[in-house]
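Dear colleague,

I am handing over the structure below, and after it you will find an account of what was found in it. Please read the account with the structure open beside you.

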Amino acid sequence: MADIKPIIEFKNVSLDYQDNRVLHNIDLEIEQGKFYTLLGPSGSGKSTILSLISGKNSPSEGDVLIDGKIVNELPANKREVNTVFQNYNLFPNMNVYENVAYGPKLKKLPAKKIDQLVKDMLSLVRLSDFEQNEITELSGGQQQRVAIARALANEPKVLLLDEPLSALDYKLRKEMQYELREIQQRLGITFIFVTHDQEEALAMSDWIFVMQNGRIEQSGTPVDIYDEPINHFVADFIGEANIIEGIMKEDYLVSFVGKEFKNVDAGMKPNERVEIVIRPEDLDIVAPSKGKLQVTIDDQSFRGDFYEITAIDDAGNEWSIQETNPAKIGQRRGLKFDPEDIHIMRFNETEEDFDSRLESYEGEE
Amino acid sequence: MKKSSLTYYISYILWLLLFVILPLVLLLLQALTNQQGNFTLDNFLNYLSSGTYLRMTLNSIFYAFLITLITLIISYPMAYFLTQLKNHQFWMLLVILPTWINLLLKAYAFIGLLSQNGTINSTLSFFGIVPYQLLFTNESFLLVSSYIEIPFMILPIYNSLIEIDSNLIQASQDLGANTWQTIKNVIFPLSLNGVRTGIQVVFIPSLSLFMITRLIGGNRVITLGTAIEEHFLTTQNWHMGSTIGVVLVIAMLVTTYFTREGNKKGRKK
């Protein structure tokens, strides 16, 4: 992995906006041909990172590199990256064909090549029959596809997508997630996708950067981030999580709710205060005597493919459980989980320390 | 509910009847009758067969065209520049401000500037340059008319430029366009409605300017406006004056037709 030259690189990049630091010391590397997602709540700085790549903003500190060259001050129109905007930003004075042909025409490509490109891109987004339509005649989903075709017709090295699906309804969004992923894999272009929707991020990405307050909290594959969140914020933001405080007695032994449990994490100080994450789908409701924890069922709601059950343990902690079978409210039940289902998070651990600690004890086994 | 909406309409309907329909009908009646009050087409035949009237009409169109062109060339870049400023609403107000001053006063101010002993000539003579005849020339007529019309051209263009979504400009740059290409391909086409309105608002009144033709142009430029004024006030031939008025109304309709919002479907591919 180390020999692949990154196509985009951030070296200690910070950005100030009117005396406010909106990005703090960002380091990241983007490789050719992968689907990246910048995930975070609004105001976390994810779109700001895009604006530094697209050339809309210049970093206050640090360097942005494209293809190994520093491009801090290079204007947007000179960069080989294109953007699919949240509101599509299609030109209302042009029809579908003219919108898609906009970039290639500016590059003064031969007319035949432009025509071929436009037709290819429109067929890629399945809008071949809409060449001569006006933008106002299209639905939101179709406009979104034109925006994608328009950006791709410029043959960018990297395609930036700034919350492109957020204006679509749920079903269409699902469809477009699938389509975008397919387009990315077919063309082999790097996609950098910005979203606040963790489900979207997990479903589409090869690699996720989780952001908060202008910092990258954690980066990794969707599975890594879901299974091994680095801190409370990431665990809470990605998927549903039961997070409670506990004490790491020694390696592979944690205590919470007044009981001790075997687990698979190590590398902490003895008796260190930690946070414990257990995903709702990893919890099973069993008979009280068979459970590792005893709880009282407090509430439940039907979610279609599962029941979301809330239960309270003897120490007063609330547990969220996903079960295919309903439970009875007020009933005394047990909760069962495996040592692998317990994930331990240290307070204020940096991503570097987190990675090296994981490596140290996973190597031992 | 129907009653209350009727009361809203009534003022508009009254205005329409009294100040638009009725004057037009009277104008047409005057134009289609002779001094004896008999119905006749003579006025129109007279207009069409007389070289003087046709020359006047062409003159009017020619000068109105020049005035419109000059104001457009000055106003578009100016409006674009204004939209780029930080407090553009304030600067726009300064452009609008002169329109609040009476036209006649502005014309007299220009006489003070341009006359033989006016500010410009006395400044020139201070440097030993012989006074020029500035007033009562075609150029001074164009200068003053354009000066007066510029705010009316800038305002609609400025409004249409302000309405353009700045994200579209960002998208254009993102796709590789430089500033000039963005102006040409995105900003200008999207501001065309403002340009059309500006042309209508400037060209049509310019066809019938008569105060400036007299005070600044020294009646050397005879436009349809001057002709109407002479017929009504000097020769007292209301019928011929009305005929020229009808011609002006037709000219307005034609101008409006040609500057209407483009039929999107019929646009070139």
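**Charges over rings**

The charged end of A:Arg150 sits over the ring of A:Phe91, 4.7 Å from the ring centre, where a charge is taken to sit over a ring if NZ of Lys or CZ of Arg is within 6 Å of the ring centre and within 35 degrees of the ring normal. In chain B, B:Arg260 lies over the face of B:Tyr257, at 4.3 Å from the ring centre.

**How to read the values**

Please bear in mind that this is a predicted model, in which local features need pLDDT of at least 70 and side-chain atom pairs count only at pLDDT 80 or more, while totals for chains, interfaces and linings use all residues. Residues are numbered from 1 along each chain as its sequence is written, chains are lettered from A and ligands numbered from 1 in the order in which they are written, and side-chain values use heavy atoms, with hydrogens and water left out.

**Chain A as a whole**

The secondary structure of chain A comes to 9 helices and 20 strands, these being DSSP runs numbered from the N terminus (helices are H or I with at least four residues, strands are E with at least two). Of the 365 residues of chain A, 53% count as buried; buried means under 20% relative accessible area, exposed means over 50%, and partly exposed lies in between, with a 1.4 Å probe and protein chains only. The C-alpha atoms of the chain fill a box of roughly 75 × 45 × 40 Å along the principal axes. Among contacts in chain A (heavy atoms within 4.5 Å) between residues at least 6 apart in sequence, 67% join residues at least 24 apart.

Chain A is divided into domain 1 (8-227) and domain 2 (240-346), with bounds that come from an automatic or database domain assignment. Taken over C-alpha atoms, the centres of these two domains are separated by 39 Å.

**Domain 1 of chain A**

Strand 1 (residues 8-17) and strand 4 (residues 61-66) run antiparallel and are joined by 5 bridges, and A:Glu9 has A:Leu65 in strand 4 as its bridge partner.

A:Gly55, whose phi is positive, near 100°, follows helix 1.

A:Gln144, in helix 4 (residues 140-152) of chain A, counts as buried at 0% relative accessibility. Leaving aside residues up to four places away in sequence, A:Gln144 touches A:Val84, A:Phe85, A:Tyr88, A:Pro164, A:Leu165, A:Leu168 and A:Met176.

**Domain 2 of chain A**

A second open sheet has 5 strands in the order 15-19-16-17-18, again with antiparallel pairing, and its edge strands are strand 15 (284-286) and strand 18 (318-323), each of which pairs on one side only. Neighbouring strands of this sheet are turned by 50° against each other on average, direction ignored. Strand 15 is joined to strand 19 by 3 bridges, and the bridge partner of A:Asp284 in strand 19 is A:Lys336.

A:Lys249 has its place in strand 11 (residues 242-250) and is partly exposed, at 30% relative accessibility. A:Glu260, one of the residues that A:Lys249 touches, is 11 residues from A:Lys249 in sequence and 8.4 Å from it in space, C-alpha to C-alpha.

**Aromatic pairs**

The structure holds 20 aromatic pairs over all chains (rings of Phe, Tyr and Trp, the last by its six-membered ring, pair if their centres lie within 6.5 Å; planes under 30 degrees apart count as stacked, over 60 as edge-to-face and the rest as tilted). A:Phe256 and A:Phe337 form a stacked pair, 6.5 Å centre to centre with 25° between the planes. A:Phe256 lies in strand 12 (residues 253-256) and A:Phe337 in the loop between strand 19 (332-336) and strand 20 (343-346), so the pair ties together parts that are 81 residues apart in sequence. Both residues, A:Phe256 and A:Phe337, are buried, and together with A:Phe261 and A:Trp319 they form one aromatic cluster.

Notes. Pairing = 2+ DSSP bridges. Axes fitted to C-alpha atoms, helices over the stretch in contact; angles between N-to-C directions.
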